[in-house]
Amino acid sequence: ALFVRLPFSLALPHFVSATIGALIDGDVHAVRAAILCFVGAGVVDACLDFWCVFLFGYTQQRIIRRLRLNLFGSLLYQEVGFFDNTPTGDITSRLTADCSEMANDLTWGFRFTIEA
C-alpha cells in the first residue's frame, strides 16, 4: 500500500500548482478540474495512508509479541541464581518497555526509509 500511495502523495503539489496556474490564466474549467483532481488524489492518499499506518501498526504488534514470547521463553530456562542477581524491575522493564521500543524503531524506521 505504501508504494501505491506515493504517486498520489507526490501528485498533490502538482494539482496545487495547476490550480494556481489556471487561476492566473482565468480558466474556470481548468480550476475546477484541478481542484477535483486534487481532492480525488487527496482522498485516495488519505485512505492508503490509513492502511499503511494500520498495517505497520499490526506488524509492530506482531513483532512485539514475538520478542516478548522469545524473551519470556529464555527467562524460563535461566538458573535460579540469575533471578537472585537480577532485580525484578529490570526483567519487567525488558519485557515491556524495551521490546516495545525496539519494535517501534524497527517498523517506523523501515517505513520512513521506504518513504525517503
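Modeller: A residue is called buried when its relative accessible area is under 20%. The model discussed here is predicted.

Biologist: Is Arg 5 buried or exposed, then?

Modeller: Arg 5 counts as buried, because its relative accessibility is 11% and the cut-off is 20%.

Biologist: In which helix is Arg 5 found?

Modeller: Arg 5 is found in helix α1.

Biologist: With which side chain does the side chain of Arg 5 make a polar contact?

Modeller: The contact is with the side chain of Asp 45, at 2.9 Å. Asp 45 and Arg 5 also form a salt bridge, with 2.9 Å between the closest N and O atoms. Asp 45 lies in helix α2 and Arg 5 in helix α1, so this pair ties together parts that are 40 residues apart in sequence.

Biologist: And is Asp 45 buried or exposed?

Modeller: Asp 45 is buried, as is Arg 5.

Biologist: How many salt bridges does a search of the whole structure find?

Modeller: The search finds two. Besides the bridge between Arg 5 and Asp 45, there is a salt bridge between the side chains of Asp 49 and Arg 5, at 3.6 Å from N to O. This pair also links distant parts of the chain, with Asp 49 in helix α2 and Arg 5 in helix α1, 44 residues apart.

Biologist: Let us turn to α1 itself. Which residues of α1 are buried?

Modeller: The buried residues of α1 are Leu 2, Arg 5, Ala 11, Leu 12, Phe 15, Thr 19 and Ala 22.

Biologist: What about Thr 19: how far is it from Arg 32?

Modeller: Their C-alpha atoms are 8.0 Å apart in space, while the two residues are 13 apart in sequence. Thr 19 has its place in helix α1 and is buried, because its relative accessible area is 13%, under the 20% cut-off.

Biologist: Where does the kink in α1 lie?

Modeller: The kink lies at Leu 12, shortly before the proline Pro 13, and amounts to about 25 degrees.

Biologist: What span should α1 have, and how far apart are its end C-alpha atoms?

Modeller: At 1.5 Å a residue, the 24 residues of α1 should span 34 Å. The end C-alpha atoms are 36 Å apart, which agrees.

Biologist: Now the surface. Which residues make the nonpolar patch?

Modeller: Val 16, Ile 20, Ile 24, Ile 35, Phe 38, Val 39 and Val 43 make a nonpolar surface patch of about 610 Å². Both α1 (2-25) and α2 (28-76) supply at least two of its residues.

Biologist: Which helix supplies the largest share?

Modeller: The largest share comes from α2, with four residues.

How values were computed: Residues are numbered from 1 along each chain as its sequence is written. This is a predicted model: local features need pLDDT of at least 70, side-chain atom pairs count only at pLDDT 80 or more; totals for chains, interfaces and linings use all residues. Side-chain values use heavy atoms; hydrogens and water are left out. Patches are made of residues with over 30% relative accessible area and no salt bridge: like charges are joined within 9 Å, nonpolar side chains (Val, Leu, Ile, Met, Phe, Trp, Tyr) within 5 Å. Accessible areas come from the Shrake-Rupley method with a 1.4 Å probe; for residues, only the protein chains shown count as cover. A salt bridge is a side-chain nitrogen of Lys or Arg within 4 Å of a carboxyl oxygen of Asp or Glu. The expected span of a helix is 1.5 Å times one less than its number of residues. The bend at a residue is the angle between axes fitted to the seven residues ending there and the seven starting there. Buried means under 20% relative accessible area, exposed over 50%, partly exposed in between (1.4 Å probe, protein chains only). A polar contact is a pair of N or O atoms within 3.5 Å; within protein, one must be able to donate a hydrogen and the other to accept it, and residues adjacent in sequence count only if both atoms are side-chain atoms.
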